[in-house]
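Work through the exercises below with the sequence and the coordinates open. Try each task before reading its solution.

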Amino acid sequence: MSKSNAKAYWRENLKYLFILLAIWFVVSYGAGILFKDALNEIRLGGFKLGFWFAQQGSIYVFVILIFVYVRLMNKLDKKYGYDGE
Amino acid sequence: MMANRILLLASLDVQTWTYIIVGFTFTIYIGIAIWTRAASTKDFYVAGGGVSPLANGMATAADWMSAASFISMAGIISFAGYDGAVYLMGWTGGYVLLALLLAPYLRKFGKFTVPDFIGDRYYSNTARFVGVICALLVSFTYVAGQMRGVGLVFSRFLEVDINTGVMIGMFIVLFYAVLGGMKGITYTQVAQYCVLIFAFMVPAIFISIQMTGNPIPQLGFGDTLADGSGTYLLDKLDGLSTDLGFAEYTEGSKSMTDVFAITLALMVGTAGLPHVIVRFFTVKRVRDARKSAGLALLLIAILYTTAPAVSVFARTNLIETVSNKPYDNMPEWFKKWELTGLITFTDKNEDGNIQYLADKEKNELVVDNDIMVLANPEIARLPNWVIALVAAGSLAAALSTAAGLLLVISASVSHDLIKKMINPNISEQGELIAARLSAIVAVGIAAYFGIHPPGFVAATVALAFGLAAASFFPAIILGIFYKRMNKEGAIAGMIVGISSMIFYMLKFKFGWFDGGTKDDWWFGISPEGFGTVAMILNFVVSIVIMKFTPAPPEDVQQIVENIRIPSGAGEATHH
């Protein structure tokens, strides 16, 4: 494996991390905390939306984020030939 | 014949049911321990390194969900309302950090413990030693809390003395942790996950159907009441709360800054806890580490999304059962919990009714957080076997976490202190004996804390997260993502981070250094949330010191390049 290959792999990895962590931040700290009062004006059945994000929604998104990451990285490993044993 | 048998089962009392179910689950745990004895240090520290992602995910979930998650959390949320979100988001969001920023790289690094990584990456036994101290501090404060949970369940449901309860629990853990090491712990944790999740979900589903007609608790607590009134459950609870003078349930009362800081401290602390990180050393490949972090969070999320529903059900049921009702008409569970001192009633206006109010002067009822989950099935009048199941589930939660922590303690002593620092020539057999002996000593100390719980246990659980956030998290992140980070920076950062965290806790929790009240908090941040500030301090100090000191040696920079690439992880090894 060449050094530039490893560098390019790492750069793409960092890009994924940045995007996924931005979503992580927005759903929990954004929707669940900072903007909860504004979101609470909207209702989802019996839930006020900000409250729902804080106690339910953010957790669902966390789970999805990790599985998306797993998929992206498995593809990336293959692309750069790092998927062997 | 069949009808007779059903009649017999229905007539068994809670205590008999508890003996049957707890006895049955304990037999399984011991059986697994005998079947999975550890033969080498690699078995003992990382279960031989061949655990499947699903098994590791289940074990991580059980390891992670302690007595605090199972027994206390829903109760705390019940009384805190919206503010309870700090635990829900804080204790799950950390897994995103763990999966994306730590687990794959630490697995690639392939060692046995967290201080191992710190010591090797920062090419220094001083760094390793600081790591060992942090790991021991975090794990001991945590384990003491688990023992309280074990004692509580035994004393209430089996009506044995709390001390006897602690001793029974300790004996079981001792048996499988010492015999099986990580290998035994992993497979008992898989069984314990099944027990605890079943025990948590069954009553939640029953109560959800009872109150809202919706069998899925996650949806039920946002649904309308089953009484046909068309009112939403949460609206009703908001109304009940404000009538009694409490804050609206869905609003909470903490400041936004503090909610933000506590959530971040818990998330980062979660990602920095050694007993969680070490679980990812047990899988075969880097991609397995990523996948098993995802599975772990999925399995944890089942409980964590149900808990806030349980909180709402329990809170509503509690208020409706007790508020303004005559004391003499209280159901049996109320009297039983009074005996344990976790419910207290003082009839201040002597009218024989229970006034449950936010106003401390007039309030007559004090209910401990910890009983909400345990008493919930009784409050909702569920069958006896469900109540017994909850007892077995809480024991599974407490024991699985205690075992994981004990392993971290014993590995820190036998591997990091003895093998890596004091006597590098120790034989494999010698190290295995040392590991088992340190596990026994650790169990002894934990049992002591369980029987003589220090008054600061509850306060120090937050300290455990703060410590992990202030020490391990920045050191590991910088170690992976910043090749230029050197030992001077990392050691200074860890020491400043931990010391500031300890200082703040001592000052505002224990009144040292002139103490202080809520109004004196820095930036309005509580001690529980201060881990966030201490973590930022650690990052800043590390980077500033690093700028003025030499770069790490070439071979260390090579290690960093190497851990960033997933292939060729090999097996977790000594050298």
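pLDDT is the predictor's confidence in each residue, from 0 to 100. This is a predicted model: local features need pLDDT of at least 70, side-chain atom pairs count only at pLDDT 80 or more, and totals for chains, interfaces and linings use all residues. Residues are numbered from 1 along each chain as its sequence is written, while chains are lettered from A and ligands numbered from 1 in the order in which they are written.

**Exercise 1. Confidence**

Find where confidence is lowest and where it is highest in chain B.

Step 1. Take the average. Chain B has a mean pLDDT of 85, and 95% of its residues score at least 70.

Step 2. Go by element. Helices (H or I, at least four residues) and strands (E, at least two) are DSSP runs, numbered from the N terminus. Helix H1 (residues 2–11) of chain B is lowest, with a mean of 58. Helix H22 (residues 530–547) of chain B is highest, at 95.

Step 3. Apply the caution. Where pLDDT is low, predicted coordinates should not be read in detail.

**Exercise 2. The fold of chain A**

Is chain A spread out or compact, judged by its radius of gyration?

Step 1. List the elements. Chain A has three helices and two strands. Their order along the sequence is α-α-β-β-α.

Step 2. Compare with the rule. The radius of gyration (over C-alpha atoms) is set against 2.2 Å times the number of residues to the power 0.38. Chain A comes to 18 Å, well over the 12 Å that the rule gives for 85 residues, so it is more spread out than a compact globule.

Step 3. Check the box. Along the principal axes, the C-alpha atoms of chain A fill roughly 55 × 20 × 15 Å.

Step 4. UniProt positions use the numbering here, feature names are shortened, and annotations may be inferred rather than shown by experiment. An unreviewed UniProt entry gives "transmembrane region" for residues 16–35 and 50–70 of chain A. Residues 16–35 of chain A are 95% helix and 0% strand, with end C-alpha atoms 25 Å apart. Residues 50–70 of chain A are 100% helix and 0% strand, with ends 28 Å apart.

**Exercise 3. The interface**

Which element gives the largest share of the side of chain B that touches chain A?

Step 1. Count contacts (C-beta atoms, placed from the backbone, within 7 Å). Chain B supplies 39 residues and chain A supplies 34.

Step 2. Name the contributors. Helices H6 (85–109), H11 (233–243), H12 (256–272) and H14 (286–322) of chain B each give two or more residues.

Step 3. H14(B) gives the largest share, 11 residues.

Terms used: Contact = placed C-beta atoms within 7 Å.
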